[in-house]
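Let us learn to read a protein model step by step. Look at the picture, then follow the dialogue.

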Amino acid sequence: MSERVDIMTPAFRADPYTPYAVMRREAPVCQVDPGGMWAVSRYADVATVLRSPERFSSQGFRAAWQPAWVGHNPLASSILAMDGPDHARLRGLVSRAFGAPAIARIEQRARDLCERLAGRLDGEVDFIAAVAAPLPAFVISELLGLDHALEPRFKRWMDDLLSVTPEPASAEHAARVRATIAELDRYMADVIEARRRSPSDDLVSELARAGDLLGDREIIDLLVSILGGGLETTTHFLGSSMLLLAERPSELDRLRDSPHLIPRFIEEMMRYDGPTQSVPRLTTSDVALAGVTIPAGSLVLALVGSANRDELRFTDPDRFDLHRGQPSLTFGHGAHFCLGAALARMEAKVALEVLLPRIGEVTRAPGEIPYNRTLTVRGPVSLPLRFMPA
Ligand code: HEM
């Protein structure tokens, strides 16, 4: 590769898969822009990075999301950014909240919401605003016991927090991110206080009760991490899935005729065009990988989106194949494997089961699709589609 790839350009965001293939072939461990971060693009190397916290620390989230201009970023200071026993302790405290009983409790309410949202899919509609953003916001409110009235704010909050890059795009961008962090801190502190006064059976009440184990700062950071982990990812996944179905009517017909294939569709979609494109890590020492030495203290992006298309791992990786049956790295690998994976799969299944029978036809509306601009997750910001109800 003669030049450094810039992973933030609109062209890269719209199609990262073509440049990923070049990176895997020519420079599987290389530096990219902005800022000369390291990028690892082959499946085997990405898996090595994710299961070697002693060499590739999760402090990478801090390096990626908490540059000096931001100040304290709750998203970069919690479970995602921890290693070793501290991480295990916090994960142990919250993992029960993501178990099967919690998911079963939320599922029927998510289904009811999808029934209501389905009515919006008539004529030209922005699928992100109509369904893909509201559903995950509703589910996280249920999980955490947050006020449903505030859901329209969630997306803006997370858009701002995830928009952090080593340098701010402008002074206005920097001010906006800092104001959002302050707003989130205030909101979460109020929620914790309210649950202390009047506990309920939600995760916030449980965490607030664990007062001697966790301080308010830790609880706020954790809540924001869960919000950050579960919102944009699932929104982008729902958006990319509906886009694929709009572009491939035969897949839509197949799923409508055989809804039992929906879980397979979800798994292959996670691989083919999953929302997590990269997971950040920080090298704890000089590390040799694929014949390249990455210096200590480097920000390394494990390019999960590229690993999922690696020809050394998947036969004919650019083909969408419902019957492939090979797991992807989209939910991560190792100690930080996504806590919300079962919840996200439930949301996607419920959405597709409810919406697909209601859709007679769906096609793309004219125009380019704008993709978001973040280091970690990728998906359409808005998605104008034309729906003809069944
Ligand atoms: C962790 C992806 C949905 C909460 C992760 C990681 C990935 C991921 C790749 C590992 C990060 C790392 O190794 O550093 C996804 C994708 C989703 C999704 C692709 C949807 C399609 C959710 C949902 C929630 C959630 C719905 C919760 C409501 C979390 C949490 C962690 C995490 C709390 C941190 C786990 C830890 O650090 O031990 N997710 N996620 N995720 N995810 Fe998800």
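**Reading contacts, burial and a ligand site**

Q: Which side chains does a polar contact of 2.7 Å join?
A: A polar contact is a pair of N or O atoms within 3.5 Å; within protein, one must be able to donate a hydrogen and the other to accept it, and residues adjacent in sequence count only if both atoms are side-chain atoms. Here the side chains of Thr180 and Asp160 are joined by such a contact, at 2.7 Å. This is a predicted model: local features need pLDDT of at least 70, side-chain atom pairs count only at pLDDT 80 or more, and totals for chains, interfaces and linings use all residues. Residues are numbered from 1 along each chain as its sequence is written, and side-chain values use heavy atoms, with hydrogens and water left out.

Q: Where is the place of Thr180?
A: Helices (H or I, at least four residues) and strands (E, at least two) are DSSP runs, numbered from the N terminus. Thr180 is in helix α10, residues 171–197.

Q: Is Thr180 buried or exposed?
A: Buried means under 20% relative accessible area, exposed over 50%, partly exposed in between (1.4 Å probe, protein chains only). Thr180 is buried because its relative accessibility is 1%. Leu144, in helix α8, is also buried, with a relative accessible area of 0%.

Q: Which protein donor does the iron atom of the ligand have?
A: Donors are N, O and S atoms within 2.8 Å of the metal (3.2 Å for Na, K and Ca); water is not among the atoms, so sites may look incomplete. The iron atom has a single donor from the protein: SG of Cys338, 2.3 Å away. Cys338 sits in the loop between α16 (304–307) and α17 (341–355).

Q: Which residues come nearest to the ligand?
A: A residue is near a molecule if one of its heavy atoms lies within 4 Å of it. There are 28 residues around the ligand, and His87, Arg91, Arg281, His336 and Cys338 come nearest. The side chain of Arg91 has an N or O atom 2.7 Å from an oxygen atom of the ligand. Gly229 uses a backbone N or O atom, 3.2 Å from a ligand nitrogen atom.

Q: Which element gives the most to the shell around the ligand?
A: Helix α12 does, with three residues. Elements that each supply at least two residues include α5 (84–94) and β5 (279–283).
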